[in-house]
Amino acid sequence: MMTGSETTPHGPSAKHGMDVDPKLLEILVCPLTKGPLRYDRAAQELISDEGGLAYPIRDGIPIMLVDEARPLSDDERAGFKAHKPAATS
């Protein structure tokens, strides 16, 4: 049995998912808000906190279609706001 930290001969186990290229994250934006995205590795999603949407990543490919995005739950939105750094003047 594999644990979450084991790898297969072909790379990380499917449980861990794939990482998104940081350079890709720098250029991708939410198609709805044009705002930044953050990567949720565990869920294999790109999160638009501003838009309240989670875009799936399938087979390593971000699906940047609003119709394919999952709305964030109230708990997910509240969790982000609780951890967001305060704005400085």
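**View 1. Ser48 and the residues around it.** Setting aside neighbours within four places in sequence, Ser48 touches Cys30, Thr33, Pro36, Leu37, Leu53, Tyr55 and Leu72; contact here means heavy atoms within 4.5 Å. This is a predicted model, where local features need pLDDT of at least 70, side-chain atom pairs count only at pLDDT 80 or more, and totals for chains, interfaces and linings use all residues. Residues are numbered from 1 along each chain as its sequence is written, and side-chain values use heavy atoms, with hydrogens and water left out. Ser48 sits in strand 4 (residues 45–48); strands (E, at least two residues) and helices (H or I, at least four) are DSSP runs, numbered from the N terminus. Is Ser48 buried or exposed? It's buried, because its relative accessible area is 0%, and the cut-offs are under 20% for buried, over 50% for exposed and partly exposed in between (1.4 Å probe, protein chains only).

**View 2. Thr33, in a loop.** One of the contacts of Ser48 is Thr33, which you'll find in the loop between helix 1 (22–27) and strand 3 (38–40). Thr33 has 25% relative accessibility, so it counts as partly exposed. Beyond its neighbours within four places in sequence, Thr33 meets Ser48, Glu50 and Gly51. Thr33 and Gly51 are 18 residues apart along the chain, yet their C-alpha atoms are separated by 6.0 Å. Look also at Gly35: its backbone nitrogen lies 3.0 Å from a polar atom of the Thr33 side chain.

**View 3. The largest nonpolar core.** Which residues make up the largest nonpolar core? There are nine: Val20, Leu28, Cys30, Leu37, Leu46, Leu53, Tyr55, Ile57 and Ala69. A nonpolar core is a set of buried Ala, Val, Leu, Ile, Met, Phe, Trp, Tyr and Cys residues joined through side-chain atoms within 4.5 Å. In soluble globular proteins, nonpolar side chains tend to be buried together.

**View 4. Leu46, a member of that core.** Leaving out neighbours within four places in sequence, Leu46 is in contact with Leu25, Leu28, Leu37, Arg38, Tyr39, Leu53, Ala54, Tyr55, Ile57, Pro62 and Met64.

**View 5. Zooming back out to the chain.** Two helices and seven strands run in the order β-β-α-β-β-β-β-β-α along the sequence. Of the 89 residues, 27% are buried.

Notes: Polar contact = N/O pair within 3.5 Å; in protein donor to acceptor, adjacent residues only side chain to side chain.
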